[in-house]
Amino acid sequence: MQKQNQNKFEILRMPPENTNSVLVSHGGDCVVFDPWGRADDWNRVLDARNLRLCGIYATHGHPDHISAAPDLAAKYNVPFFISPLDNSLIGWGNELLDFFGIPHICPHCANPAPIAPGRHMLMDKIPMDVISVPGHTPGGLCFYFPDEKILLTGDTIFRDGFGRHDFPGGDQRALFESIKRLHDMNLSDDTYVVHGHGPDSTVEILKKENIYFK
Ligand SMILES: [Zn+2]
């Protein structure tokens, strides 16, 4: 991805490969989005890069996007930001983690911190717009970085499809309204788009190849 103003965005496909996580660092500080995988593996990545974790952000509360979040938040004593509308999903669907051999999420061990839509300053330095995108889950969020022109969509939309709406709290109509909200942001064609699963894209690719991006 791009490197600008000392801000580094890295897509990490942590083992066992399934979900796209994003590590954003500035100097020795970093935050992580959708920390899939095992907390031990994340500790090794952060140690190897000599990074200090300052916070964790989740696009939504499904286990394949937050499996390492509670343990990392506790170990580094940092906030785990997620929409309060998805708090009740923390710990739901643990059987998916069995399939991957990953320890269950303990809903009582997680200490989620609320985050609201609007402009935030990541690590007090990086502008970040938080966009409400209900539909895949009630509290779905997308994250957009205007300086870097990077959009993290979670499971709302993929390069060639859209997220499921048949899980608890899912809502097809809301999902399509959320996709329209992303479309109507009129982000420039060269905006780099990281999806929750599968290959990355750009706004130009979505416009040309994803018939649901409208
Ligand atoms: Zn999901």
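Figure 1. The model is predicted; local features need pLDDT of at least 70, side-chain atom pairs count only at pLDDT 80 or more, and totals for chains, interfaces and linings use all residues. Residues are numbered from 1 along each chain as its sequence is written. A residue is buried if 20 or more other C-beta atoms, placed from the backbone, lie within 10 Å of its own. Helices (H or I, at least four residues) and strands (E, at least two) are DSSP runs, numbered from the N terminus. Asn77 follows α3 and has a positive phi, near 55 degrees.

**Figure 2. The open sheet of six strands.** The strand order is β8-β9-β10-β11-β14-β15, with mixed pairing. Each of β8 (118-122) and β15 (201-202) is at an edge with a single partner strand, so one side of each has no neighbour in the sheet. Two strands pair if DSSP finds at least two bridges between them.

**Figure 3. Strands β11 and β14.** Strand β11 (residues 150-154) and strand β14 (residues 192-195) run parallel and are joined by four bridges. Leu151 stands opposite Val193 in β14.

**Figure 4. Context in the protein chain.** The protein chain has six helices and 15 strands. Buried residues account for 43% of its 214 residues. Its C-alpha trace spans about 40 × 40 × 30 Å along the principal axes.

Notes: A residue is buried if 20 or more other C-beta atoms lie within 10 Å of its own, exposed if 12 or fewer, and partly exposed in between; C-beta atoms are placed from the backbone.
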